[in-house]
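Hi there,

Here is the structure I promised to pass on. Have a look at it first, and then read my notes below.

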Amino acid sequence: MSLSEQLRYREPLSDVDARSTLGFVGDIAEAKSAVKKMRSELAELQEKLYANGLSGDSLSILLVLQGMDTSGKGGVIEKVAGSVNPQGVSITSFKKPTEEEQAHDFLWRINKALPQAGKIGVFDRSHYEDVLIVRVHRLESQGEIERRYEAINEFEKAYVESGGTIIKCLLHVDKDIQKERFASRLEDPEKLYKYRPGDLDERARWDEYTEAYQFVLDRCSTDIAPWHVIPSGHKPYRNWAVGTLLLEALRDLKLDWPAPNFDLEAEKQRVAEC
């Protein structure tokens with residue numbers, strides 16, 4: 001069974017052990033080397049995806065990373081997306097909407113950030129912020145939030161039907177893990193920049209966020225764009241799991257180098273004579 005099938009959302013979030021290593025065989029320390037071993041294949045397949053995009057193919061991949069503070073979205077971007085040629089990757093980090101963005105439907109800024117043909121797009125947070133933070137802080141009516149769940153499903157369906165592949169990863173940590181990582185940041189000068197006092201205010205709403213994430217999983221895990229719950233208590237495993245999901249998606253595209261759109265032999269002759 002593929003890791004995608006093993007990690008696909010099926011059970012309540014509260015039942016998922018954030019420190020589990022589902023699908024990985026071996027000691028957790030070996031996961032680091034496993035990530036390194038997959039880099040060459042990731043890089044080759046990403047290059048083929050990019051080459052086909054330049055040749056007119058419509059294929060692209062969107063990797064969506066969501067999770068509580070300290071779940072490791074930045075670490076995944078560094079260790080996984082950093083394995084491939086940056087020319088073929090677009091990374092978008094969604095912050096609080098600007099005035100211009102608020103003047104449009106919530107999916108307006110998301111649509112603008114979708115990866116172009118031949119590229120891998122990574123969303124550090126995403127359109128799901130508009131049904132997570134918005135729900136927890138009651139920034140919109142319940143009716144509007146319900147509308148957004150359906151709008152998201154239609155949006156993702158349209159993206160997939162246009163040639164996209166979407167990999168949605170919920171990086172799952174529990175409350176104890178988050179506390180450990182907050183404490184670690186405060187002891188490490190190199191990680192202090194990651195700590196924000198306001199994060200503790202959001203932590204106080206842990207149960208509300210858990211409920212909001214559960215609604216997202218229930219309403220927006222579809223056959224065409226399923227959610228994957230990634231146990232993220234062990235960073236090496238988390239990176240291996242997301243990297244494996246990306247590798248499986250690239251393999252499923254059955255990519256090859258595009259054929260030239262010119263007479264190859266004639267061009268060889270021209271080069272020989274020039």
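Leaving aside residues up to four places away in sequence, Phe 123 touches Leu 62, Leu 63, Val 64, Leu 65, Thr 92, Phe 94, Ile 110, Ala 113 and Leu 114. Please keep in mind that this is a predicted model.

Phe 123 also belongs to the largest nonpolar core, which has 39 residues. Together with Leu 62, Tyr 128, Val 131, Val 216, Leu 217 and Trp 227, Phe 123 touches the most other members of that core. Two or more residues each come from strand 1 (60-67), helix 5 (108-113), helix 6 (129-136), helix 7 (142-161), strand 4 (164-172), helix 10 (206-220) and strand 5 (227-231). Helix 10 gives the largest share, seven residues. There is a second, separate core of 35 residues, and Leu 171, Tyr 237, Leu 247 and Leu 250 are among its members.

Five strands make up an open sheet with parallel pairing, in the order 2-3-1-4-5. At its edges are strand 2 (89-93) and strand 5, each of which pairs on one side only. On average, and ignoring direction, neighbouring strands are turned by 20° against each other. Strand 1 pairs with strand 3 (residues 120-124) over five bridges, in the parallel sense. Here Phe 123 turns up again: this residue of strand 3 stands opposite Val 64. Helix 11 (residues 235-252) lies across strand 1, strand 3, strand 4 and strand 5, and runs at about 165° to strand 4.

Helix 6 and helix 10 pack with their axes 9 Å apart, at an angle of about 145°, and the crossing is right-handed. From helix 6, the residues Val 131, Leu 132, Ile 133, Arg 135 and Val 136 take part; they meet Glu 208, Tyr 209, Ala 212, Tyr 213, Phe 215 and Val 216 of helix 10. Sorted by class, this contact has nine nonpolar residues, two charged and no polar ones.

Beyond the residues up to four places away in sequence, Ile 133 touches Arg 138, Leu 139 and Tyr 209. Between Ile 133 and Glu 208 there are 9.7 Å from C-alpha to C-alpha, although the two are 75 residues apart in sequence.

Glu 140 sits in the loop between helix 6 and helix 7. Glu 140 also counts as partly exposed, at 37% relative accessibility. With residues up to four places away in sequence left out, Glu 140 touches Val 134, Ile 145 and Arg 148. Asp 130 is ten residues from Glu 140 in sequence, and their C-alpha atoms are 9.3 Å apart.

Finally, a word on backbone angles. Most residues other than glycine have a negative phi. Thr 70 is not a glycine, yet has a positive phi of about 80°. Thr 70 lies in the loop between strand 1 and helix 3 (73-79), and counts as buried at 9% relative accessibility. Arg 125 has a positive phi too, near 70°; the place of Arg 125 is in the loop between strand 3 and helix 6.

Terms used: Residues are numbered from 1 along each chain as its sequence is written. This is a predicted model: local features need pLDDT of at least 70, side-chain atom pairs count only at pLDDT 80 or more; totals for chains, interfaces and linings use all residues. Side-chain values use heavy atoms; hydrogens and water are left out. A nonpolar core is a set of buried Ala, Val, Leu, Ile, Met, Phe, Trp, Tyr and Cys residues joined through side-chain atoms within 4.5 Å. Buried means under 20% relative accessible area, exposed over 50%, partly exposed in between (1.4 Å probe, protein chains only). Helices (H or I, at least four residues) and strands (E, at least two) are DSSP runs, numbered from the N terminus. Contact means heavy atoms within 4.5 Å. Two strands pair if DSSP finds at least two bridges between them. Axes are lines fitted to C-alpha atoms, for helices over the stretch in contact, and angles run from 0 to 180 degrees between N-to-C directions. A crossing is left-handed if the near helix is turned anticlockwise from the far one by less than a right angle, and right-handed if clockwise. Ala, Val, Leu, Ile, Met, Phe, Trp, Tyr, Cys and Pro count as nonpolar, Asp, Glu, Lys and Arg as charged, and the others, Gly among them, as polar.
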